[in-house]
Amino acid sequence: MTGDPLPGVLIAVPVVLLLCGAGAAVMRRCGQTAVIGEIAVGIVLGPSLLGWVWPAAQGRLLPAEVLPYLGLLGNLGLVVFMFLVGLELDHGLLRGRGRAVVVMGQASVVVPLVLGGLLATAMYGSFAPEGVGRGAFVLFVAVAMSVTAFPVLARILTEQGLHGTPVGVVAMACAAVADVVAWCLLAAVVAVADGSGRGVAGAVVTGVLTVGYLAGMWWGVRPVLARCVEWWDGGGAVALFAGLFLAAYATDAIGVHALFGAFVFGAVVPRDRAPVERTARRMREVVVPVLLPLFFVGSGLRTDIGLLGGDLGAWLWAGAVLLVAVAAKWGGGAAWAAGQPVREAVVLGALLNCRGVTELVVLNVGLGLGVIGPELFTVLVLMALVTTALTGPVVRRLTGRGADKGVNAADRVNVADAVDGVQTADTDDAARGTSPPADR
């Protein structure tokens, strides 16, 4: 394709959206979240299947000249999505929940970090790209092991009637802690990787600026937003979008990824105000379902299972990654130490294994930085897909709850809206100014 890329984009976007919609529908019928279908569609459209079986068709549907534009649109959707993730964080979950939340929240991050770091140390010689320092590689893989997808977890808890139960509250609090810690650690990885050419001083400067940014957002921007949001009317959406992109630009300029800024901005915006809820609802209904699937396709095009091929060693490493990822999150020892019953500890471990789109975001950041190569990227994407797909069925088995058990009729409407992402919320929700959690 030569000249104007618009015709190619106009073909690629509907192809991606329709296929992702079909994949999400299939996965919902199988009791999975929509994100599983969207990730699978991305892998199918990539070199793992379509590019291998019928490369001419892949070149026609997704020509190379169009991919940068799809990537840009997908990243814009991703910025908005990370804002929504930050907005959905309930600060109340991070305090006042007692020893169980403190111990489980820390253990759900520390244990995967330690075990993931040990595994990464052994993998360094086989998977680290040339020129990447051991510290950056090990830290990144450790962070990738410690991720829990907060929005997907909220969706699973609501679907299975566990939202608001003691197990559900502790799980959400632990996931909130893990989300915040993981993004801060990822910021450290970006600083280390980016500062490698500037020496240790460059990384330290980036870290100091990041701390200053967090302090300014929490003690400076947050109070101002709390006062100004009541004055918003029709311009609320414009103000939120402007603030969102400026916050993302600020962290990008500091040397930390722009997504971190979007996440932090969402966390400091007052989440219980009607103008904010209206704007967030519009974002969920339009921006996220239209643009975010393009990000999944970009991830799928970077995932090449053929790179593992018949290499038994590579598949053994993939199995080790999956085993460590599951065991580290599912370790019940921390929950038992917090005084939780054994059964609840096991359910909590299963819930925290959910990685979802948050893992894909982290992996794409690492691939873009060059901290990991395509082969390890593929291994970690497969790990994210398997652990996310296992969460729902395993929790249903452990709790004895089906998708419909413990959920009343009104909740089922909300769940359907959350799954579809494109549909509007029901009339009662609109009257209350509330929104279902993002289905990612």
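Student: With which side chain does the side chain of Thr 148 make a polar contact?

Tutor: The partner is the side chain of Lys 329, at 2.8 Å. A polar contact is a pair of N or O atoms within 3.5 Å; within protein, one must be able to donate a hydrogen and the other to accept it, and residues adjacent in sequence count only if both atoms are side-chain atoms. This is a predicted model, in which local features need pLDDT of at least 70 and side-chain atom pairs count only at pLDDT 80 or more, while totals for chains, interfaces and linings use all residues. Residues are numbered from 1 along each chain as its sequence is written, and side-chain values use heavy atoms, with hydrogens and water left out.

Student: Which backbone oxygen lies 2.9 Å from a polar atom of the Thr 148 side chain?

Tutor: That oxygen belongs to Leu 352.

Student: Where does Thr 148 lie, and is it buried or exposed?

Tutor: Thr 148 is in the loop between helix 7 (134-145) and helix 8 (150-159). Helices here are DSSP runs of H or I with at least four residues, and strands are runs of E with at least two, numbered from the N terminus. Thr 148 counts as buried because its relative accessibility is 0%. Buried means under 20% relative accessible area, exposed over 50%, and partly exposed in between (1.4 Å probe, protein chains only).

Student: What else is Thr 148 in contact with?

Tutor: Leaving aside neighbours within four places in sequence, its contacts include Leu 153, Ala 175, Asp 179, Cys 354 and Thr 358. Contact means heavy atoms within 4.5 Å.

Student: Thr 358 is in helix 17, then; how many residues of that helix are buried?

Tutor: Twelve of the 14 residues of helix 17 are buried, among them Thr 358, Glu 359 and Asn 364.

Student: How far apart are the end C-alpha atoms of helix 17?

Tutor: They are 21 Å apart, which agrees with the 20 Å that residues 356-369 should span at 1.5 Å a residue. The expected span is 1.5 Å times one less than the number of residues. Just after helix 17, Gly 370 takes a positive phi of about 80°.

Student: Changing topic, what is Val 256 in contact with?

Tutor: Its contacts, apart from neighbours within four places in sequence, are Ala 187, Val 190, Thr 206, Thr 210 and Thr 251. The C-alpha atoms of Val 256 and Val 190 are separated by 5.8 Å, although the two are 66 residues apart along the chain. Val 256 sits in the loop between helix 11 (236-254) and helix 12 (258-268), and counts as buried because its relative accessibility is 3%.

Student: And Pro 374: where is it, and which residues does it touch?

Tutor: Pro 374 is in helix 18 (residues 374-399). Not counting residues up to four places away in sequence, Pro 374 touches Leu 307 and Leu 367. At 45% relative accessibility, Pro 374 is partly exposed.
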